[in-house]
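Open the model in your viewer and keep the selection panel at hand. We will go stop by stop.

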Amino acid sequence: MVVTTMKIALIQPPSGTPALKVPPLGLGYITAVLKRSHIEAKVIDLNVENISLSTYLSREKPEVVGVSSIVTNARQALEIARKTKNILPKSFVVLGGPYLSMMGDRLVTRHKEVDATLRGEAEFTFPELIKRLRNGESLDDVEGLIFREDDEIKSNSPSNPIDPLDQIPYPAREELKMELYGENAGSIFTSRGCPYQCIFCSRPVFGRKWRGHSPDYVLGEIQHLREYYGISNLSVLDDNFTVDSDRAERILDGIIAKKWKLNLYFWNGIRVDHMTRNLLLKMRKTGCTAINYGVESVDPEVISFIRKGVSLDQVEKTIRLTREIGIRANIFLMLGNPGDTAKVADKIMAFVGKVQVDGVHLSMATPLLGTKFWDWVEKNGCWLDYDREELLDWPIDDVDESYPVFETPDFTTYERIKAYRKTRNLLKEKGLLI
Ligand code: B12
Ligand code: SF4
């Protein structure tokens with residue numbers, strides 16, 4: 001397909017409830033790299049913008065429509081692709097993001113409304129794709145691309161993780177409606193990837209190779225957020241902020257030296273075994289108010305089974321230390337991991353009774369394609385009525401109505417739902433559910 005003029009729309013699909021009001025940083029990074037080459041793209045986040053997509057498409061007629069997707073908005077992403085093709089049959093529709101990055105070639109194979117998917121980090125591959133489309137060149141070696149050509153599906157080799165990370169510009173937040181993101185407007189990535197082996201964790205985009213931005217890059221981005229958007233709530237979204245503790249300390253030292261008043265929140269989970277008194281004290285000094293620790297289970301056998309690589313002793317010690325230093329210690333827990341039984345509710349409540357935590361984020365354990373957890377269910381569990389081909393019914397797993405997608409002989413569907421609801425209710429009664 002040859003596209004001669006290049007009008008590009010990048011769309012973040014709506015995610016249903018709860019609404020996701022977090023700036024789409026992935027689209028922001030891509031837009032920033034495009035801008036460096038003087039290519040414009042219009043970013044539309046349907047979670048916060050009240051516009052009719054059909055009207056927009058009919059009026060503006062973008063030639064390339066890129067749609068971002070995670071597993072919970074995959075259905076909406078495909079719906080946007082369909083709508084686009086109905087209104088603009090000649091447009092080139094490409095999907096990106098974590099969902100399709102774990103799906104292999106099955107989306108392009110099954111969905112004629114999707115011309116291509118672009119797996120992995122796309123700051124360099126997407127501009128390359130645009131260049132090829134604009135010049136009518138072959139798409140054969142655009143890394144990460146899976147596309148349809150004359151009814152044949154072609155799958156190019158994957159792209160490499162971007163390294164060094166500082167070569168990418170800050171996300172083009174000026175192209176986002178930053179005023180609509182409330183306290184999440186200050187979301188930031190200081191690193192990508194994680195080298196650990198937790199069996200449930202899907203890292204289809206950032207992968208296992210950890211890469212950190214330099215402290216100078218990070219401090220510059222925080223300064224930009226403060227100056228241009230008046231941000232004081234800073235949410236660090238890294239998969240693993242503390243892999244390089246020296247780098248982490250230098251970032252914190254920089255914030256302290258600049259005397260910035262920040263409400264720093266380590267939102268996406270920090271490993272308890274990476275925490276030291278020194279790091280915590282520095283976090284406190286920067287204005288850090290809360291840390292979410294990725295604990296996942298309070299059962300030592302389950303922790304070992306899911307290869308979290310920490311001990312309950314470390315969990316308890318780090319939570320105590322965090323609270324002692326004056327930072328709220330929240331924990332992420334999953335219910336229904338390999339090894340869990342109907343007793344899990346009691347175990348969780350006994351744990352939170354013994355170890356004072358400030359909050360618990362409870363999820364129903366749900367396997368993502370490509371993980372060892374998925375393979376374990378294939379071998380040891382029994383899938384319930386669930387779309388395993390496209391994962392379009394993947395349950396949002398941290399709400400009351402969540403449901404299991406598999407059961408095991410020693411932890412049945414009924415028991416899973418009962419234990420999940422019971423734990424959530426008990427945590428709610430104690431004011432601990434976050
Ligand atoms: C912020 C975040 C959230 C936020 C908002 C999500 C959002 N705005 O989409 C919140 C808190 C709401 C959230 C919730 C959930 N999340 Co979340 N979340 C993240 C997190 C930490 C960061 C996302 C992000 O901004 N990344 C940064 C940017 C730079 O990366 P990116 O978006 O992937 O973009 C790059 C590429 O993917 C690509 N790309 C992206 N879009 C597009 C579009 C096009 C056209 C192209 C070509 C390329 C492209 O280029 C970008 C630059 O390289 C990721 C973890 C991670 N490491 O990404 C998990 C992650 C996306 N979440 C995940 C999950 C499972 C969830 C939950 C289901 C968990 C739960 N407990 O319920 C819920 C869903 C809730 C719901 N209602 O739907 C998974 C998704 C797995 C998957 N394979 O789809 C991830 C990957 C975490 C993980 N390791 O498992 N999440
Ligand atoms: S859960 Fe956290 S520590 Fe484990 S592999 Fe994923 S990002 Fe790394």
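Predicted model: local features only at pLDDT ≥ 70, side-chain atom pairs only at ≥ 80, totals over all residues.

Residues are numbered from 1 along each chain as its sequence is written, while chains are lettered from A and ligands numbered from 1 in the order in which they are written.

**Stop 1: the domains.** Select 8–155 for domain 1 and 186–429 for domain 2; such bounds come from an automatic or database domain assignment. Their centres, taken over C-alpha atoms, are 29 Å apart. Each side gives 14 residues to the contact, where contact means C-beta atoms, placed from the backbone, within 7 Å. On the domain 1 side, colour α3 (74–87) and α4 (98–101): each gives two or more residues. Helices (H or I, at least four residues) and strands (E, at least two) are DSSP runs, numbered from the N terminus.

**Stop 2: ligand 1.** Show the 44 residues around ligand 1; Gly26, Gly66, Ser68, Thr72 and Gly96 come nearest. A residue is near when its C-beta atom, placed from the backbone, lies within 6 Å of the molecule. Which element gives the largest share of this shell? Select α1 (25–36): it supplies five residues.

**Stop 3: ligand 2.** Now centre on ligand 2. Around it sit Cys194, Tyr196, Cys198, Cys201, Asp239, Asn240, Gly269, Arg271 and Gly294.

**Stop 4: the cores.** A nonpolar core joins buried Ala, Val, Leu, Ile, Met, Phe, Trp, Tyr and Cys residues through C-beta atoms within 7 Å. The largest has 62 residues, and Leu234, Ile291 and Tyr293 are among those with the most contacts inside it. A second, separate core of 48 residues includes Ile8, Val64, Val114 and Phe147.

Pick Tyr293. Beyond four places in sequence, Tyr293 touches Gly269, Ile270, Val272, Thr318, Ala329, Ile331 and Phe332.

**Stop 5: Ile319.** Find Ile319 in helix α11 (residues 312–324). Why does Ile319 count as buried? Because Ile319 has 22 C-beta neighbours inside 10 Å; buried takes 20 or more, exposed 12 or fewer, partly exposed lies in between, with C-beta atoms placed from the backbone. Leaving aside neighbours within four places in sequence, Ile319 contacts Ala329, Val355 and Val357.

Terms used. Contact = placed C-beta atoms within 7 Å.
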